[in-house]
Structures are given as C-alpha cells and as structure tokens.
Amino acid sequence: MQAEDMESSMESPNLEFEYGDTDALTAELSELYSYTEEPEFALNRDYFEEDFRSHARGRRWIELSVEEQRSYVMRLLDALEVTDRDKRLKVARAILYLAQGVFDECDTEVDVLHWSRHNVFLLYDMGIFTALLELLSMEIDNNQACSSAVRKPAISLADSTELRVLLSIMYLIVETIRVQTEDDRPEWRAARETFKNELGSPLYNGEPFALLLFTMVTKFCSMNAPHFPMKKVLLLLWKTLLFTVGGFLELQEMKVRGRERLNLPPLPEDSIKVVRAMRAASPPASAMELIEQQQQQKRGRRSRRPLVKQDSLDTYNERDPFKNDDARDEEEDPEDTDSGIEGEVDPLDRDVIIQPPPPPPPLRPPTERVNFPKGLPWAPKVREKDIEHFLETSRNKFIGFTLGNDTDTLVGLPRPIHESVKTLKQHKYVSIAEVQIKQEDELQQCPMSLGEEEVAETPTEMLYLGMLPNLSQYVIALLKLLLAAAPTSKAKTDSINILADVLPEEMPITVLQSMKLGIDVNRHKEIIVKAISALLLLLLKHYKLNHIYQFEIVSQHLVFANCIPLILKFFNQNIMSYISAKNSICVLDFPHCVVHEMPELTAESLEAGDSNQFCWRNLFSCINLLRILNKLTKWKHSRTMMLVVFKSAPILKRALKVKQAMMQLYVLKLLKIQTKYLGRQWRKSNMKTMSAIYQKVRHRLNDDWAYGNDIDARPWDFQAEECALRESIEKFNSRRYDKNKNGDFVPVDNCLQSVLGQRVELPEDFHYSYEMWLEREVFSQPIEWEGLLQNP
C-alpha cells in the first residue's frame, strides 16, 4: 500500500477535465436511473405497446405522422385522469417510454436521443407536464402511502414506483428542453422560452415549481415521507434551477450587464476563460518520498536520489533561496498532524515538502531552460476600504492625524505615498455587492425621501421570495442529505435512509448481485453529492448577483448548520481515490442498455469498471464544494478562523494532489486566506505551496497574506460578527418583503369627522351583545381625565 501510494503521488497525471454546468447529455440522462431500475425499461415498453397496438393497427410510432402522434398523446392524457391508480401508473409508464425515445424502434443511441427529443417537445406541447404536476401533488399529499412507508422496517424501490415514474418523465422533459442544439426548430426554441418562464414564475399553486421540490426535500428529511426517491427529486430540482435562473455562462453575462447598469467599469477579465487556460501544478511530494530520500541521504548515497518532482508546486524549477539545508526546517508543523474534524489523518497521506535536488550540472543544453511566465493570470484588485486603510496608516505616520474616508487629499504626504495611492487607484475594483450595500444603507436612512425601491421580478427574486419563510429548513435538509451521502460518513441508526430508491425488494443472494448493488449504492451517493453541491453553488452565486443580503442569509444559514466542518470532513479522505472511483457499469447505462445486447456480467468486468482516467461527477462535486467553502469564508474573518480552528490546512493540502488546475486554484485560495494565522513554521515548511498561491491566485496589492502583520490578525468574536450581519439582513428583509412595512410612517388622521365616519368591520353577532360590551368596556371603566392632560 505504501509503495502504491508513493507511485500514485509521483505519477499522478494531468486530468483532462473541462468544468461546466453539467456533464454530457447522455451521462446526465443515465444518472437518473439506478441499475436496480433496469428491468423497468422493458416494463415501460410493454405497457406502451399493449395500448399502442390497438390504436396504430400494426404501424410503429416512428412511422406515424405528427398529427397521429398528437392524437395518441391526447388519448394518453385523457387516460391519466382515471381514478384507478394501477391504470394511471400503466399510462404514466407508456408516457415515460415515449420520453425515453421509443428505444425498441431504434438501432443506435443517437436515434434514441433524436426520438426522445422529438417526443419530449410533443409531450410538452400537449400539456403533459401540467397534468403530471397535478399527479405529483396528489402523490406528495398521499398520507396513506406516507404512513405505510413510515411503519415499514425496510423501504425498497416498490414503495416509490408512482413517484419515480412521474419524476423521471418530468426530469426528461426539463433536461431535454433545457439543452439547446443547433438544429432546433423555431417552434422548439419558442417552447423553450415559454417553458423556462413557466417554471420560474409562480404559476404552479402560486409558487415556482422549485418550491414544490424543496417541500419534498424537507418532508423527506423530517422522516414524514421516507419513501420519496430523493436522488430524482434533487436532480430535478437542480436542473429546474439551472434552467430557470441560468448556468455559469449566463451568470457571467448577467454580471457584465449588472455592472453596466450601475455604471461600473467592466470586469478586468473573464474568470471562466482564465481558469480554463490555467495549467495544473505538480502536487507536493508525499511523506513516503521524503522518508525514502532522507534514508538514502543518511546512507551517504547522495548520487542515487529517487525520482522526485523537481517542480512540485514551484514556478521556476529553481532552488528556493529562502530555505535552509537543515532537515528540521522541512518538517511539518506539529499542529498539522491532527485533522481536527474526525479521527487522525493517515501519516502516509500527509504532504511534506521535500528539499529540492541539488542544482543540475552547468553543462546543460540551452533547450532545457526554464520559461519564466510572462505574467500573472489575474489582474490585481484593490478595494476602496484598502485604499482608506493605507492612507489612514500613512497619515498617522507622517502628519499625525487622519481625514476619515477622504482618499483624494494627499497634502503633507511624501512623494512615494502619492505614487502608491495612484497605483492602488488604478487597480481599484468596486463590486456590485458594495454598491448594493451602499444603496441599502441609504434606503434605511431615508425611507421617505428615497421612496419605494423598484425590484425587478426576475426568476431569482421570485425564488427567494418563495424560499424566504422556510429558508433555514431547506438549507438544513440539503446539508443532512449531503452528510448522509458523503463517503466519510459513518452509518448511524438515526441518520436518513437515502437508499429508498436504489434497494431492490429482494436483497442480493449471489456475490455478483452483491457487487452490482454495492456499485449502484456508491454511484447513487455520488450523484446525490453532485446534485446538492451544484444546487447550493448555483443558489449562492445567483443570490449574490441578485442582492448581496440574499446571499448573506443563505450563507449564514449554511454556516450555522455546520456546512464548513461538513465540507472539510468530506475532503478528509483519500481524494485521489474518490476522484478516480469507478462506480459505474457502462453496459447498464442508459441509453446503451436499451439499444445493445446485454453481455454477461462477471465479477472481473464489474471490478474493471470503465477506462476513464477520472470520474467526472466526483471531480465536479469536489470543485463545487471548494467553491462553496470559498464563498462562505471570503472577507469573513470569523469564518476564516473556523478554517484554522478545524485544522483545514493539512486536509486542503492533500487535495492539491489532484492535478486539475481549477480544483487546485480553489484549494490555494482557501489556504491563502488562512496563511497568516498558521504560524511562521508552517509557512517555512510549505514554501512550494506559498509559491503556487503567488503564481495562481489573484493579488490584492496591499494584502499582507504571507506574513501575518495585518490588522486582521486580531482576536475574533464569531458571535458579534455574525450578529451584526444578521441585523443588516433582517433590516433588508423587513424593508423589502414585510407586508406591514413602514408602519411608523403612516400619516395620522386628526380629523374627528373622518375618523368617526370610517366603517369598522364588526363580527355578525356583535349587535346581540352590544349593550353588554358597552357596559363592560365603557360605563364600568373609570376615566381619569386629569391624567390625559398631564405629560406622561
């Protein structure tokens, strides 16, 4: 095992991974189904053909004209309204077979996807989605099914059959219409926009469709509906939000438009393009490599060193001028030995920076010279607050007093300070969030003179409005599911059972069946992690752009629900193993399994897995979780200190073993914000990591991140910082969403006639007891007239 670990860390290849909103369409469709559901494909086909045979008289679906297909779909739509539950399920399965692409009439996977697309747009046009929504609402409110599921000792696939069929059709409709292709017909493009607006608007029971799915998540997590197929619900919820509010490219465009609207200068670069152009750095050397090298040095065989990474996370392949040759300087900080989350970190897994090999001989061919990078990937940024802080320090030093927030007056300051301020102002960056905070402060101070704020009814705004009353419940439910699906979680008796829609009715009896179910369960958990991580990141990014305080309330709920230690716990595993996990059986993936003959599965073929270098969904999940952690801790001193307290540095350093530029960037960002709190010894032992941070992460010109001399290195009060933030959030929500707002500013009516002339709504039976009320409330109550005249 030690040899394998050493070999994997020395030869970890660059991962050809392209980050995006989703994986390829076929992968996203195949992940909807568990391998346990595979027999149901044939069941769907049989129910469809049984009904279709009487209608089509020997012809196949793909041979019908569009009008004939429409008339048959209309017939299915009528049949969905029957009261018999079993008949309804058969019709729903027939509709699902159409949405799956009538695969029995197709020869290739491309044909299946073509007919699936054609049928989905036809089904949507005929109003199937609305009918399915009504059936879904009925199933959610089906108390009989819920109570029987609660009483059952073991829940299996059979308990969620109706829900799984309905959610599968809805997912296929949403995902297929969401993905735009070049050869889409004009009427399909129009249908896409209509459907997008419908899903994002409060048309379904007065709230967006996503709210119904959030309700299913909370109901499942409160143990009131343990039979809900959570994987399908989460996938549908994620794709619904992705479709209605937009993905990362749309976010970038919305950000550019938002800055133009606020008259802010354009973004210095397109972050998506910069990250895609980055190259991965070599990971730090492992403990095994260090131990072996030190042993060889002790034996005096310096000439025969092991082949170590010479440029491990170093930019220039140079000998580090700041390092001693002393071996004790290269030891890890003792604090790093404890992970601080759960259990001890494996010492073989810890990353210890090794001393670079001696300089190469002088007779080196000129072609091997190191190419110095031409420039850093990111343009530096400076906040207004940083310029103010810099001037305040300079004025105190040179003239003995300060001028508050004045950044223009430079009288009495020496020439170099003038040059410094000029450089800082050239790189000043004002974010949309800073403008929103400033506008909110003004609206709070002058509610009457500034009047009502005009709030655009965007899909994000309507989603926030719907989520606000139960926001904490939604966040806690998602984190509970993430915890249950994390590979580092230990099974507990009181934890949520997320395997209701993967376990078969009859448990496996052969070794092969057990292996297949084991792969299915692991894959199921990975898909849940993927959906939740993408969903949370999407919510945070859209809320941050829509209004900073919407983002802050979701962030605060996440922090209070222990999201930071949960993500660190997730990374406290062998990340290389997680990313290269092969929990998939290619021959069972849809649409491959419905088109090709099924080969005989053997234990060897299951163990071999696929030939991919890495698992796309797991790498995608890891990057999403790192991005969420970055969003929660950025510019938050108390939350950064939580990273330090939970000893996240060794956990994050292990994640640098994954040679993927985007993942390394977000790990390095998290290390950068806590570097000044980790102590001099840690920085000294991790100069290669420091070098990588300098090379890859954006520079803040006067951010003293590497040395810890900053003003932020102060005692931290988590409660005070979070309470101050919560107060600002509550003021924002009260001003913008409280129906009884501005009660203090309603004008008082002083005219006696108009006050007495107002109609007062009284209960119907009031006139029966009017005299008693008069006696009790008026005549028997002594009135002290002198007291009214005196000042209180």
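**Side-chain contacts in a predicted model**

Colleague: At 24% relative accessibility, what does Arg 726 count as?

Modeller: This is a predicted model in which local features need pLDDT of at least 70 and side-chain atom pairs count only at pLDDT 80 or more, while totals for chains, interfaces and linings use all residues. Residues are numbered from 1 along each chain as its sequence is written, and side-chain values use heavy atoms, with hydrogens and water left out. Buried means under 20% relative accessible area and exposed over 50%, with partly exposed in between (1.4 Å probe, protein chains only). At its 24%, Arg 726 therefore counts as partly exposed.

Colleague: Which residue does the side chain of Arg 726 meet in a salt bridge?

Modeller: A salt bridge is a side-chain nitrogen of Lys or Arg within 4 Å of a carboxyl oxygen of Asp or Glu, and here the N to O distance is 3.9 Å. Both partners lie in helix H34, four residues apart, or about one turn of the helix, where helices (H or I, at least four residues) and strands (E, at least two) are DSSP runs numbered from the N terminus. The partner of Arg 726, partly exposed at 46% relative accessibility, is Glu 730.

Colleague: How many residues apart are Glu 31 and Lys 530?

Modeller: The structure holds 37 salt bridges, and one of them joins the side chains of Glu 31 and Lys 530 at 2.7 Å, N to O. Glu 31 sits in the loop between helix H2 (25-30) and helix H3 (39-56), whereas Lys 530 belongs to helix H22 (residues 511-546), so that the pair links distant parts of the chain, separated by 499 residues.

Colleague: What is the relative accessible area of Glu 440?

Modeller: Glu 440 forms a salt bridge with Arg 735, with 2.7 Å between the closest N and O atoms. Because Arg 735 lies in helix H34 (residues 718-737) and Glu 440 in helix H18 (residues 432-445), the pair ties together parts that are 295 residues apart in sequence. Arg 735 is buried at 16%, and Glu 440 is buried with a relative accessible area of 3%.

Colleague: At roughly what angle do the axes of H22 and helix H23 cross?

Modeller: Axes are lines fitted to C-alpha atoms, for helices over the stretch in contact, and angles run from 0 to 180 degrees between N-to-C directions. The axes of H22 and H23 (residues 548-560) come within 5 Å, and they cross at roughly 145 degrees.

Colleague: How are the rings of Phe 48 and Phe 52 arranged: stacked, tilted or edge-to-face?

Modeller: Rings of Phe, Tyr and Trp (its six-membered ring) pair if their centres lie within 6.5 Å, planes under 30 degrees apart counting as stacked, over 60 as edge-to-face and the rest as tilted. Phe 48 and Phe 52 are both buried, and being four residues apart in helix H3 they are separated by about one helical turn. The whole structure holds 32 aromatic pairs; in this one the centres are 4.9 Å apart and the planes at 15 degrees, so the pair is stacked.
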